[in-house]
Structures are given as structure tokens and as C-alpha cells.
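This briefing walks through one protein model, from the whole chain down to single residues. Keep the structure open beside the text.

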Amino acid sequence: MDNIYLLMIVALAILAIADLVVGVSNDAVNFLNSAIGSKAISFRTIMIVASIGIACGAIFSSGMMEVARKGIFNPGMFMFNDIMIIFMAVMITDILLLDFFNTLGMPTSTTVSIVFELLGAAVAVSLIKIGADGGSFAEVTNYINTAKATQIIFGILLSVVVAFTVGAIVQYISRLLLSFNFEKKASWVGALFGGVALTSMVYFILMKGIKGADIAKQSFDVIGGATIKDFLEDNVLAIVSVSFVVWSLLSYVFINFLKTNIYKLIILVGTFALALAFAGNDLVNFIGVPIAAWQSYQAFMDPLVNTLGLAATEFPMDSLGKKVPTPTLLLFIAGMIMVLTLWFSSKSRNVLKTSLDLSSQGETKERFQPNFLSRGLVRGAMLMSKYTSYVLPNSAKEKIEEQFEKPVIELSQGKTHELPAFDMVRAAVNLMVAGILISIATSYKLPLSTTYVTFMVAMGTSLADRAWGSESAVYRVAGVLNVIGGWFGTAITAFIAAGTAAYLIHLGGATMIAVLLFLAVLLLVRNSIKHVRKTKETKATDSLNRSESKSVQGVIEESADNISKVLKRVSKINENTINGLINQDLIALKKTRKTVGKLEAEIEDLQNNIFYFIKNLDETSVSASTFYIDVIGDLQDIAQSVGFISKVSHKHINNNHKALKKNQSKELKEIANKLSALLTKVQAAFDLRAFDQIPSLIENKKELLKDVSSYAQKQVERTRTTESSPKNTTLYFSVLLETEDLIKATMSLLELYAAKK
């Protein structure tokens with residue numbers, strides 16, 4: 001029987017490696033966001049610094065492992081078999097939950113997920129034990145560390161609000177003092193800013209890094225026989241004051257004599273500090289449970305501990321309540337896995353992109369749709385801003401506006417989208433404020449999530465820096481609300497899922513563990529395949545490209561490529577829709593609706609780029625804007641027509657209406673085939689730039705329009721005589737009329753090019 005527990009330990013070790021990979025993919029946003037967003041340092045340098053920070057943090061994290069062992073439940077109340085059920089349920093749930101969020105590209109909290117998984121699994125096993133003994137529900141408090149759980153929930157709520165508010169206030173003050181032209185300020189201004197920022201970060205490294213290491217618990221004569229931990233806690237004001245003076249002077253030397261950009265140095269140190277804290281604080285989230293399980297197994301198998309040779313169901317786990325150091329080798333291996341994941345995980349870039357898009361100073365493709373809550377909050381903020389402006393004198397308002405004026409940067413052709421998401425001041429503030437808040441929370445032993453703090457600080461600084469303008473505010477606020485909603489959803493889902501998994505393992509034993517592990521592997525592989533497919537779709541050859549040409553001829557060439565791609569996709573969509581409608585294939589119709597949605601989104605993206613396209617044109621090529629707008633308009637009409645055909649066809653089959661009659665199916669199939677053949681010819685003409693074929697193609701289109709009109713007339717006659725289904729008649733006319741509109745929009749495109757040639 002003991003072999004099953006050894007196999008569970010092996011399974012937990014494998015899950016730990018997988019959890020490290022998915023965990024780092026999620027949490028990389030915490031320490032990479034500011035450095036990558038500001039583009040202050042090369043990507044390679046950022047990754048090297050972050051890797052060193054992770055490696056150091058992993059080795060210092062031994063003390064944090066206690067959370068998984070006794071922070072959430074009282075181990076003495078559980079037997080060895082209970083503990084193994086809890087730990088197995090937690091790890092299976094954790095890896096699936098984190099991978100799900102990574103696949104969505106949404107940052108979530110690994111701390112909150114592991115805590116609520118431990119809580120959910122422990123509560124489930126507690127209730128099982130209480131039920132078996134005939135006890136009452138109130139006895140759960142004997143098994144669970146309720147005070148710690150309450151602290152954590154309070155920490156979640158507090159960290160979200162405080163981080164956002166403090167980030168916004170500090171960024172606003174920093175911008176008022178430094179403006180967007182911060183590099184032109186006097187050197188003493190940069191030196192003072194450097195002093196404040198570097199002091200906060202160094203103190204943060206001491207509090208979150210060295211304080212958690214075993215060396216911090218040893219006493220040294222140099223500091224009066226006190227331990228480093230006690231010395232740091234007892235001399236906060238003195239350490240901060242001396243550090244501020246030293247770092248301010250050093251910053252002045254760096255700026256004036258070494259000609260160093262102090263803001264780059266701050267970002268470099270801040271990235272290292274947050275990477276160090278991430279590994280030191282969050283490593284427990286990934287390997288704390290497997291290590292606790294391994295140490296439990298060692299205690300159970302050790303004859304010096306299990307002196308009576310008790311069975312797994314009778315051996316109490318009091319040993320988990322004691323201090324047991326984690327082997328440094330295991331921490332080092334875990335750190336190396338985290339570093340490798342950081343370099344090679346594409347999912348981490350997905351999560352990072354979400355954070356950067358929401359905090360970007362410039363225009364980005366908005367991922368989130370506005371909702372009533374985001375609209376209400378933006379409206380309220382605008383009203384508040386309006387009334388506040390009445391209070392301030394005009395001179396003060398003018399001075400503030402001057403500080404928020406962004407410098408105009410002239411870029412060469414095609415470089416517009418290479419601008420950083422935000423400048424170095426905001427990046428420095430992000431790192432500084434996050435470091436200070438996490439340090440304060442650590443010194444007061446308040447639990448919080450590093451993800452929540454770093455993300456909300458970034459959102460607060462974005463708001464204060466006016467990155468959320470009237471053009472983007474509702475989308476950005478909706479995005480932030482989505483992420484926050486996901487955080488609270490994480491807690492609830494983690495609690496329920498881990499509790500359910502623990503109950504199932506209790507019922508099914510080894511068989512259920514095997515089933516759950518198989519399902520976990522299956523879901524991980526499925527999510528990975530979906531992620532790869534999504535990445536490929538983003539890079540698909542048929543995806544549309546924004547026009548960046550400055551001349552009429554360039555616009556004609558680039559638009560011809562987009563037209564060819566759209567017509568190729570429309571032909572396929574229409575063909576699949578008609579086949580799905582005739583064969584009553586609901587699955588095929590669902591797929592075509594999704595495909596149409598992607599096409600419409602890409603064309604909408606082209607339309608949203610019209611403003612920047614016109615701005616980019618040469619004075620002599622302004623007429624290209626009219627041509628480009630007309631092309632986009634016709635492409636939208638084509639996509640809307642094929643989208644409507646797909647929608648009504650899906651609705652008809654989804655509502656289980658009668659199938660089309662044979663003559664209707666035959667006619668629609670014939671029209672679809674002729675349309676497909678013509679669209680293929682038009683596509684080829686645009687691919688080869690054979691615009692001399694346009695007159696003959698227009699004639700072919702006219703012939704097809706006559707066929708559509710003829711079939712519409714036939715349906716009118718059938719309706720008056722033999723037709724008995726109103727739904728079929730409505731559907732048939734809808735498809736024909738939209739096909740007619742599709743043909744006319746295509747003709748309009750051909751005529752546009754005919755006029756230019």
C-alpha cells in the first residue's frame with residue numbers, strides 16, 4: 001500500500017515541474033512589464049537581469065515554504081493519507097487553473113490560487129472526517145487556520161485598491177515634477193528621484209530577499225549580536241535615511257560624471273528586485289506543496305518518527321507544523337526551470353501583452369469590449385474632472401497641462417508602432433511603488449499577491465499619466481475590470497475545484513488519481529494545441545495588413561493584396577455556409593460564423609487605422625486617402641453580406657426549421673459555385689495585378705446578378721403556387737439578396753481599380 005504514496009510523490013514532482021512552467025508564464029508580467037514597456041533596455045539585458053534575480057530569489061525562498069505546510073490548515077488534525085489527498089488535489093487543480101488563464105493571456109495570482117486550493121481541499125477532507133466521526137460543521141474551524149484565511153482575503157481587497165490609488169498619486173506627482181521632458185531637467189532633480197527610487201528598491205531587496213533567507217536568522221557581532229532580520233525590522237527609519245543620502249549622491253555622480261541615464265539604472269535595479277521577490281515569494285506556490293508532501297512521506301517512512309509503525313490512516317502529521325529547511329539543491333533546480341521557462345515560454349508574452357496594451361500611452365488594438373460598468377466609471381471620472389477644473393485657477397491648469405504635454409517624435413516611415421508603451425518615468429514609478437508596497441506589507445506580515453500589486457500599480461500610473469484618454473478609456477477600464485473579475489473568479493474556482501478533486505480522490509483512491517492526472521495531461525495538451533493554432537492564425541498568410549504607403553501607387557498595390565486575401569476567404573466562407581445549410585450541418589455553420597467574425601474584426605482594424613494612414617500621407621498623395629477609404633468600405637460591405645448569410649443560415653438550422661427544398665438547394669448551390677468561380681478569377685487578377693481583365697470580370701458579375709434575379713423571380717412564383725414554408729421562403733430570399741449585395745460590393749471594388757488604371 002505504501003507504494004501508492006511513493007507513486008503519488010513521483011506524480012507530484014512531475015506536476016511541480018509543469019506548475020513551475022505555467023506559473024512563470026503567468027507571473028513574468030510582474031517584473032518584465034515596466035522594463036519591456038519602456039524599451040529603456042534591450043530585451044536581452046532585461047532577460048539576463050530577470051534571470052539572475054529569479055535564481056537568487058529561488059535560493060533565498062526556503063523560509064516561505066511554511067505557507068504550504070501549516071499556513072492554511074492545522075496539520076496535526078490530519079493523518080498522512082488525508083494530507084496526500086489534499087496535496088494531490090491542490091497540484092492537479094493549480095496547474096489546470098493557471099494554464100487556463102495563461103491560454104487566455106490574463107494575469108492572475110498564483111498566491112491566491114494556491115491558498116484557496118489548499119483551503120478548498122482541506123475543507124473538503126475536513127468535512128469528510130467530520131462526517132465519518134458524526135461531528136458538526138462547526139468543527140471545521142479546528143482543522144482550518146481561519147485567521148490566516150481571513151487575513152489573505154482582506155489582503156486581496158486591500159492590495160487592489162491601495163496599489164491602484166498609490167500608483168496613481170505617485171505617478172501624478174512625479175509627472176508634475178518631471179514632465180514628459182524629464183531628460184532635460186536639472187541633474188539634481190534626477191539625482192533626487194534616483195535617490196528615492198533606488199532607496200525603495202534596495203530596501204525592498206533586503207526585506208523580500210535577504211530577510212527570507214536562512215542567513216538572515218543568524219546573529220552577527222557587527223550589528224550588536226542581532227540577526228539581520230531583527231536589525232532590518234528595528235532600524236527601518238535609519239536604514240532608509242542613510243540609503244536615501246547615499247543613493248542620491250551616487251545618482252548625482254552617475255548623471256554628471258559617468259554620464260549614466262539614471263532612469264535606466266532604476267529600471268534595471270527594479271527589474272532585478274521584482275524578479276528576486278517573485279522567486280522568493282512565489283516559488284512556494286509552485287513547489288511548496290510537492291516538497292511538503294515529500295517531507296510528509298519521509299516522516300511517515302522514518303522509523304525514528306513513526307516509531308509505532310502506524311498505518312497511513314493513523315499517522316498524524318504534527319511534523320508538518322515544525323520548521324523543516326528545504327534543500328538548497330531543490331531550490332536551485334526549481335530556479336533553473338523558472339529561468340528556462342522565462343526565456344522560452346510564448347504564453348508569458350501573451351500575458352505580458354495584455355498588461356502592456358492596457359497601460360500603453362499610445363493607440364493599441366483594444367482587446368476588451370466596453371460594458372455598462374466601464375462606461376459608468378468613465379462617465380463619473382469625466383464629470384469629477386470637469387467639476388474639479390472649476391476649482392483650480394487658470395494659471396494652475398495651464399501649468400499642469402504644460403507638464404503633461406508629450407514631446408512630438410518624428411519617426412521614419414514604418415516606425416510608428418515601435419514606440420514604447422510608456423516612458424522611463426512611468427516605468428520607474430511602477431517598479432518603485434510596487435517595491436515599496438510589497439516591502440511595507442512584508443514588514444507588517446500582511447499577506448498579498450505580487451501580481452495584484454504590480455498590475456494595479458501599472459493601471460494606476462496609466463490613469464494618472466492620461467494614457468486612458470477619451471478614445472480608449474472605456475476599453476481599458478473594461479479590460480482592468482475583466483482582469484480583476486478573473487482574480488476573484490480564481491479564488492472561487494480554486495476553492496471549489498480543489499475541494500471537488502479531493503472528494504473524488506477520497507472516493508476513487510488510486511484509480512481516481514490516475515483518471516484526474518490523465519484529464520490534466522489531456523487538457524494541458526489541448527490548451528497547448530489551441531495556443532499554437534491561435535499563434536499560427538495571428539501569423540496567417542491570409543491575414544490583412546495595414547497600409548503604410550505614402551503614395552497613391554503604393555496604396556493601390558497594398559490594397560490589392562488585401563482584396564485578394566478577403567475574396568479568397570469570402571469565397572471559402574460562402575461555399576461552406578451554403579453546403580452547411582443544404583446538409584443541415586450545424587457544426588460547420590458555427591465554424592463559418594467564427595471565421596466571419598475574425599474577418600470582420602480584421603477589416604475593422606484596417607478602418608481604425610485610417611486616421612494614422614491619412615496622417616502619414618505625402619502632401620502630393622492626399623487623393624490616396626479617398627481611394628483607401630472606398631476600398632475599406634467595399635471590403636466591409638462584402639464581409640457584412642457574407643456574415644449575414646452565415647448568420648441567417650445558422651439561425652435557421654439552429655432553430656430546427658425545415659430543410660431547403662431540392663430546387664432551392666440546387667439553385668443556391670449553383671449560385672454559390674458561380675460566385676466562387678468568379679471570386680477566384682478576381683482574386684487571381686489582383687494577385688497578378690492583371691487589372692486589364694477588370695472589364696470582362698465586371699461583365700461576368702453582371703451575368704451572375706441576372707441569375708440571382710432570375711432565381712428570386714422563380715421563388716416568387718413558387719410562393720404564389722406551391723411553397724408552404726414561410727421560414728424557407730424568408731431564408732431563401734435573405735440569402736439571394738445578400739448574395740446580390742456581395743456581388744455589387746465586389747463590382748464596386750473592380751470599378752475603383754478600373755478608374756485608377
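Contact here means heavy atoms within 4.5 Å. On that basis, 84% of the contacts in the protein chain between residues at least 6 apart in sequence join residues at least 24 apart. The model is predicted.

**Whole chain**

- The secondary structure of the protein chain comes to 25 helices and zero strands.
- The protein chain has 757 residues, and buried residues make up 50% of them.

**Helix 2 against helix 12**

- Helix 2 spans residues 43–59, and helix 12 spans residues 328–344.
- The two pack at an angle of about 160°, with their axes 8 Å apart.
- Angles over 145 degrees count as roughly antiparallel, so helix 2 is roughly antiparallel to helix 12.
- The crossing of helix 2 with helix 12 is right-handed.
- On the helix 2 side, the contact uses Arg-44, Met-47, Ile-48, Ala-50, Ser-51, Ile-54, Ala-55, Ala-58 and Ile-59.
- On the helix 12 side, it uses Thr-328, Leu-331, Phe-332, Gly-335, Met-336, Met-338, Val-339, Leu-342 and Trp-343.
- The residues of this contact divide into 14 nonpolar, three polar and one charged.

**Helix 23 against helix 24**

- Helix 23 covers residues 662–687, and helix 24 covers residues 694–721.
- Their packing angle is about 165°, and their axes lie 11 Å apart.
- That angle makes helix 23 roughly antiparallel to helix 24.
- Helix 23 and helix 24 cross in a left-handed sense.
- Helix 23 brings Asn-663, Gln-664, Glu-667, Glu-670, Ile-671, Lys-674, Leu-675, Leu-678, Leu-679, Lys-681, Val-682 and Ala-685 to the contact.
- Helix 24 meets them with Leu-697, Asn-700, Lys-701, Leu-704, Asp-707, Val-708, Tyr-711, Lys-714, Gln-715 and Arg-718.
- The contact of helix 23 with helix 24 holds ten nonpolar, four polar and eight charged residues.

**Ile-95 in helix 4**

- Ile-95 sits in helix 4, a helix that runs over residues 80–104.
- Ile-95 counts as buried because its relative accessibility is 0%, and buried means under 20%.
- Beyond residues up to four places away in sequence, Ile-95 touches Leu-15, Ala-18, Asp-19, Val-22 and Leu-524.
- Ile-95 and Leu-20 are 75 residues apart in sequence, yet their C-alpha atoms are 8.8 Å apart in space.

- Asn-74 lies in the loop between helix 3 (66–71) and helix 4 (80–104).
- At 28% relative accessibility, Asn-74 is partly exposed.
- Neighbours within four places in sequence aside, Asn-74 contacts Thr-141, Asn-142, Tyr-143, Ile-144 and Asn-145.
- Val-140 belongs to helix 6, residues 140–143.
- Val-140 is buried, since its relative accessible area is 10% and the cut-off for buried is under 20%.
- Leu-127 and Ile-130 are the residues Val-140 touches, not counting residues up to four places away in sequence.
- From Val-140 to Ala-122 the C-alpha distance is 9.4 Å, and the two are 18 residues apart in sequence.

**Positive phi in loops**

- Most residues other than glycine have a negative phi.
- Gln-584 has a positive phi, near 55°.
- Gln-584 lies in the loop between helix 19 (552–583) and helix 20 (586–608).
- The relative accessible area of Gln-584 is 41%, so this residue is partly exposed.
- Asn-656 also has a positive phi, about 60°, although it is not a glycine.
- Asn-656 is found in the loop between helix 22 (623–654) and helix 23.
- Is Asn-656 buried or exposed? Asn-656 is exposed, because its relative accessibility is 67% and exposed means over 50%.

Note on methods. Residues numbered from 1 in each chain as written. Predicted model: local features only at pLDDT ≥ 70, side-chain atom pairs only at ≥ 80, totals over all residues. Heavy atoms only, no water. Axes fitted to C-alpha atoms, helices over the stretch in contact; angles between N-to-C directions. Helix = DSSP H or I, 4+ residues; strand = E, 2+ residues; numbered from the N terminus. Parallel < 35°, antiparallel > 145°, perpendicular 65-115°, else oblique. Left-handed = near helix turned anticlockwise from the far one by under 90°. Nonpolar A, V, L, I, M, F, W, Y, C, P; charged D, E, K, R; others polar. Buried < 20%, exposed > 50% of the residue type's maximum accessible area, 1.4 Å probe, protein only.
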